[in-house]
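Biologist: Could you take me through one part of this model in detail, residue by residue, and tell me how each one is placed?

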Amino acid sequence: MTDPTTSDLPVGSVATNPSQLATTPDASRREPASSSSGTTELAGQSVTALLDHEKTKLETAKQLVIGSLRRVPDFPIPGINFIDILPIFQNPVAFESLVEVLVLLVRERFGNQIPDVIVGLEARGFLFGPTLALRLGRAFVPVRKKGKIPGACKTVEYKKEYGTDEFQIQEGAVQPGQTCLIVDDIIATGGTAAAAGQLVELSNATVMGYLFMIEITFLKGRAILGDKPIINLIEHDEEE
């Protein structure tokens with residue numbers, strides 16, 4: 001993911017708790033910090049479409065994933081607790097568990113209607129997006145900051161706290177009529193995810209939903225994503 005802030009809203013409109021981890025919004029995104037300790041919990045999502053052995057596999061894998069997250073206090077500045085997802089990728093078993101969880105959550109939400117394209121946001125959406133796409137047998141398409149993708153691109157501008165930034169997607173990477181699942185590690189204010197949704201729509205494709213490892217719920221980022229399905233693995237409300 002890029003470096004959104006508390007006001008990184010896109011320009012224009014875009015049509016169960018077995019373990020806890022105290023966190024604040026990811027500091028690398030310059031989200032507002034709070035010194036109070038919050039509660040991070042596994043998102044309560046019904047598992048009605050999965051077989052019994054898949055439900056067990058899902059819950060077991062969730063525990064390994066959440067247990068691999070690391071909280072780094074006062075990083076990069078005092079008062080911010082950094083949610084570090086990188087230990088997951090340092091442990092092949094945890095990484096495999098993460099992919100298993102995400103595949104099962106996608107199946108649970110969409111059944112046999114798996115999206116045609118997995119669209120990953122710069123930069124941490126690239127850590128697991130391609131592997132998820134490969135496991136689902138689907139294409140992966142990156143969304144990057146302006147100037148990092150060669151060739152003709154579609155561009156969307158979105159607001160940040162101090163000015164604006166731009167996201168791009170390659171022309172033709174997403175075909176008209178395709179369905180897309182937009183993925184990233186964290187949703188906070190939702191601005192970058194909404195901008196990625198605009199790029200999908202500019203490609204005459206359809207946003208089928210969004211998937212995030214962690215949702216910072218009190219920032220209410222999902223409010224600007226419309227009525228599209230949102231899948232998350234972990235929820236955290238710093239105001240609790």
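Modeller: A residue counts as exposed when its relative accessible area is over 50%, as buried when that area is under 20%, and as partly exposed in between. This is a predicted model, and by that cut-off lysine 220 is exposed, because its relative accessible area is 58%. Lysine 220 sits in the loop between strand 9 (206-216) and strand 10 (230-237), and its phi is near 55°, a positive value in a residue other than glycine. Aspartate 74 likewise has a phi near 55°, positive although the residue is not glycine; it belongs to the loop between strand 2 (70-73) and strand 3 (81-84), and with a relative accessible area of 47% it is partly exposed.

Glutamate 122, in the loop between strand 4 (117-121) and helix 4, is buried, with a relative accessibility of 7%. The side chain of glutamate 122 makes a polar contact of 2.6 Å with the side chain of lysine 148, and a polar atom of that glutamate side chain also lies 2.9 Å from the backbone nitrogen of lysine 145. Glutamate 122 is joined to alanine 123 by a cis peptide bond, with omega about 0°, and alanine 123 lies in the loop between strand 4 and helix 4.

Within helix 4 (residues 125-136) is arginine 135, which is partly exposed at a relative accessible area of 41%. Leaving aside residues up to four places away in sequence, arginine 135 touches Glu96, Val99, Glu100 and Val103; valine 99 is 36 residues from arginine 135 in sequence, yet their C-alpha atoms are 8.0 Å apart in space.

Terms used: Residues are numbered from 1 along each chain as its sequence is written. This is a predicted model: local features need pLDDT of at least 70, side-chain atom pairs count only at pLDDT 80 or more; totals for chains, interfaces and linings use all residues. Side-chain values use heavy atoms; hydrogens and water are left out. Helices (H or I, at least four residues) and strands (E, at least two) are DSSP runs, numbered from the N terminus. Buried means under 20% relative accessible area, exposed over 50%, partly exposed in between (1.4 Å probe, protein chains only). Contact means heavy atoms within 4.5 Å. A polar contact is a pair of N or O atoms within 3.5 Å; within protein, one must be able to donate a hydrogen and the other to accept it, and residues adjacent in sequence count only if both atoms are side-chain atoms.
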